[in-house]
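Take a look at the model below and keep it open while you read.

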Amino acid sequence: MAPLNSASLPLSSSFTFQRGDLSLLTPNMAATVTIPSGATWQEVAADRQKHRDATLSLLEPPPPSIEDIPLNTIPLARKFLTVDAIKITETLVEDLVPQLANGELSSVAVTKAFLRRAGLAQKATNCITELLPQRALERAAYLDAYLAEHKKPIGPLHGLPISAKEHIGMKGLDWNGGFVSWVGKVAKDDAHILSILWSAGCVFYVRSTQPQSLMQLETSSNLYGITTNPFNTTLTAGGSSGGEGALVGFRGSCLGIGTDIGGSIRSPAANTGVYGMKPTSGRLPMRGLTATQAGEEQIVPTIGPLSTSLEGCKLFIKTIIDAKPWYEEPTLLPFPWKEDEFFKGKKLKVAVLWDDGVVRPHPPVTRALKQVIDKLKGNPNIEIVEWKPYKHDLAWELIANLYFSDGGAEEAEAINSSGEPWRPLTKHILTDNPHCQSHSISSMWAATLKRDAYRAEYASLWNSTATSVGPNGEPEAMVDVILSPVGPGAAPKIDTAKWWGYTSQWNLLDYPALVFPVDRVDVVKDGEKVEYKSRNEKDAFNWGLWEGHGVEGWEGAPVCLQLVGRRYEDEKVIQALEILKKEAGFPFVEYI
């Protein structure tokens with residue numbers, strides 16, 4: 001997937017490179033300032049930031065310096081970008097794709113616009129590890145020439161810029177996964193998912209930040225620092241795909257790739273007001289990613305899209321599944337994209353989970369749920385029922401015990417070998433996690449049996465919602481999807497995203513979950529004082545944040561919800577959200 005030689009395809013003269021910096025983006029150029037070379041962790045981090053800044057400087061003119069970053073960074077786009085760049089970057093995937101395919105927009109023009117806005121997003125939120133302008137524009141120019149010659153697009157994503165989280169390997173580029181000690185490790189090949197998207201015609205132009213350990217619901221590392229929320233910089237963009245969240249939320253990308261083992265796609269999507277989907281495991285290819293504990297099978301991570309539109313998520317997933325990735329990656333299940341009309345001639349049955357029974361959501365989240373339900377009540381094609389949480393506290397104990405089967409030894413080694421300090425939320429999930437243990441083979445078997453027993457109990461709960469029985473005794477007319485919060489509040493304050501339960505619940509069960517935007521925190525609507533007695537320490541911590549900062553602390557923050565389906569019913573979840581979105585009319589506010 002290396003960029004094609006486009007010497008015969010000159011780039012537009014309106015976009016130039018500073019010649020002295022081109023060597024920074026030559027293929028197979030590994031970092032030389034590394035821990036093995038004798039550098040300190042501080043020197044390694046400084047070099048990675050210098051490299052990132054140098055890739056930004058290749059833009060002409062370079063992105064502006066912003067001395068005083070505003071609380072809400074979104075208006076910066078209108079201050080520093082051209083009208084055309086704003087129009088392109090705020091166009092939805094489903095509208096960009098046909099314009100690129102028919103030549104109405106050139107891939108070079110679209111790629112330039114997203115490079116520019118991604119550079120500005122970095123200045124505003126600290127969300128990228130490097131821009132890839134040379135290879136991106138060479139690729140875009142090739143695609144434009146192909147379209148001109150062949151009169152047809154190269155694939156369903158022809159010319160579309162796509163962003164990617166750094167630990168998704170790109171051949172010849174650094175591949176550190178957020179660990180200082182791993183800087184200098186280079187991907188030998190492109191990740192499988194990138195190869196498929198490349199064949200479909202996309203352009204890779206930027207790589208985004210991730211946290212130390214890849215196990216945070218924020219994005220905080222010693223390599224790049226903290227990635228902040230574009231709507232309110234006192235809040236986190238989420239994690240571990242927080243760079244993607246900030247980038248897509250700022251509209252520096254319309255479609256990006258994240259990964260999820262406990263909420264790492266959905267948390268950033270929710271925090272920044274975009275769509276994001278965690279598919280069922282085994283649907284999309286995972287080969288070519290770097291992380292600790294490669295090969296563990298107790299809680300299987302997934303990969304998926306973040307996008308400014310629902311259709312963008314759908315196109316991403318369908319394009320990959322249509323490529324039949326299971327032939328190259330046999331751990332995947334050979335499920336073609338399902339074209340069924342799941343709700344033809346029947347009601348869509350939605351169960352509402354208001355509260356997981358462990359940590360109560362802040363008022364804006366509850367208000368968003370109520371808004372959606374009020375819009376749907378009385379609809380003859382939709383049935384609303386209540387969902388009672390089943391032992392979600394136990395679910396957290398189970399998954400928190402299964403995350404690190406070696407007791408976190410591999411994570412600790414990756415951190416400690418460079419001398420870099422532990423970030424607060426890395427400590428939270430590892431050293432401060434009372435459920436983390438170094439398993440023996442027999443204890444791992446026992447823990448896995450507990451996981452499976454819980455999954456069976458939850459399946460039985462879902463089956464109990466059936467109102468009829470099929471010809472073979474199978475339950476019918478069950479709940480189709482669960483409507484749930486994504487977290488116990490809007491985007492958390494920095495270093496406070498400690499309760500994973502609203503997202504990790506569905507990782508434990510391996511259910512597909514899709515996040516969508518609904519509203520924003522409103523100081524009037526959400527400002528009423530609520531008297532509440534906390535249930536436990538986790539609940540007290542979360543509610544204390546709300547009372548301590550007040551509604552003003554979250555002013556303007558997006559509020560999102562998630563739709564959850566049963567295992568391998570990914571297409572059904574997408575179709576259900578299409579119906580709900582049409583019937584309820586969310587999001588109820590504009591974000592950009």
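Helices α12 and α16 are roughly perpendicular to each other (a label for angles of 65 to 115 degrees), since the angle between them is about 70 degrees. Keep in mind that this is a predicted model, where local features need pLDDT of at least 70, side-chain atom pairs count only at pLDDT 80 or more, and totals for chains, interfaces and linings use all residues. Residues are numbered from 1 along each chain as its sequence is written, and side-chain values use heavy atoms, with hydrogens and water left out.

**How α12 meets α16**

- Two packed helices are described by the angle between their axes and the distance between the axes.
- For α12 (residues 392–402) and α16 (residues 501–509), the axes lie 9 Å apart. Helices here are DSSP runs of H or I with at least four residues, strands are runs of E with at least two, and both are numbered from the N terminus.
- An axis is a line fitted to C-alpha atoms, for helices over the stretch in contact, and angles run from 0 to 180 degrees between N-to-C directions.
- α12 passes α16 in a left-handed crossing, meaning that the near helix is turned anticlockwise from the far one by less than a right angle (clockwise would be right-handed).
- On the α12 side, the residues that meet α16 are His 392, Ala 395, Trp 396, Leu 398 and Ile 399. Their partners in α16 are Ser 504, Gln 505, Trp 506, Asn 507 and Leu 508, where contact means heavy atoms within 4.5 Å.
- Sorted by class, this contact has six nonpolar, four polar and no charged residues. Ala, Val, Leu, Ile, Met, Phe, Trp, Tyr, Cys and Pro count as nonpolar, Asp, Glu, Lys and Arg as charged, and the others, Gly among them, as polar.

**How α12 meets α15**

- With α15 (residues 441–463), α12 packs at an angle of about 150 degrees, and the axes are 10 Å apart.
- This crossing is left-handed as well: α12 passes α15 that way.
- α12 brings His 392, Leu 394, Ala 395, Leu 398, Asn 401 and Leu 402 to the contact. From α15 come Met 444, Ala 447, Thr 448, Lys 450, Arg 451, Tyr 454 and Tyr 458.
- Those residues divide into eight nonpolar, three polar and two charged.

**How covered is α12?**

- How many of the eleven residues of α12 are buried? Eight of them are, so the helix is mostly covered (buried means under 20% relative accessible area, exposed over 50%, partly exposed in between, with a 1.4 Å probe and protein chains only).
- The buried residues include Trp 396, Ile 399 and Ala 400.
- They pack against α14 (424–429), α15, α16 and α17 (537–549).

**Helix α18 and what follows**

- Among the buried residues of α18 are Val 573, Ile 574, Leu 577 and Leu 580.
- Glu 578 also sits in α18 and counts as partly exposed, because its relative accessibility is 28%.
- Not counting residues up to four places away in sequence, Glu 578 touches Leu 310, Glu 311 and Lys 314.
- After α18 comes Gly 585, with a positive phi near 80 degrees.

- Most residues other than glycine have a negative phi, and most peptide bonds are trans.
- Gly 239 and Ser 240 are joined by a cis peptide bond, with omega about 5 degrees. Ser 240 is in the loop between β7 (232–236) and α8 (242–250).
- Another cis peptide bond joins Phe 586 and Pro 587, with omega about 0 degrees. Pro 587 lies in the segment after α18.
- Leu 214 has a positive phi near 60 degrees and is in the loop between β3 (203–208) and β4 (220–221). Leu 214 counts as buried because its relative accessibility is 8%.
- Ala 477 isn't a glycine either, yet its phi is positive, about 55 degrees. Ala 477 is in the loop between β14 (475–476) and β15 (481–485).

**Around Ser 468**

- Ser 468 lies in strand β13 (residues 468–469) and, at 29% relative accessibility, counts as partly exposed.
- Leaving aside neighbours within four places in sequence, Ser 468 is in contact with Glu 474, Pro 475, Glu 476 and Ala 477.

How values were computed:
Angles under 35 degrees count as roughly parallel, over 145 as roughly antiparallel, 65 to 115 as roughly perpendicular and the rest as oblique.
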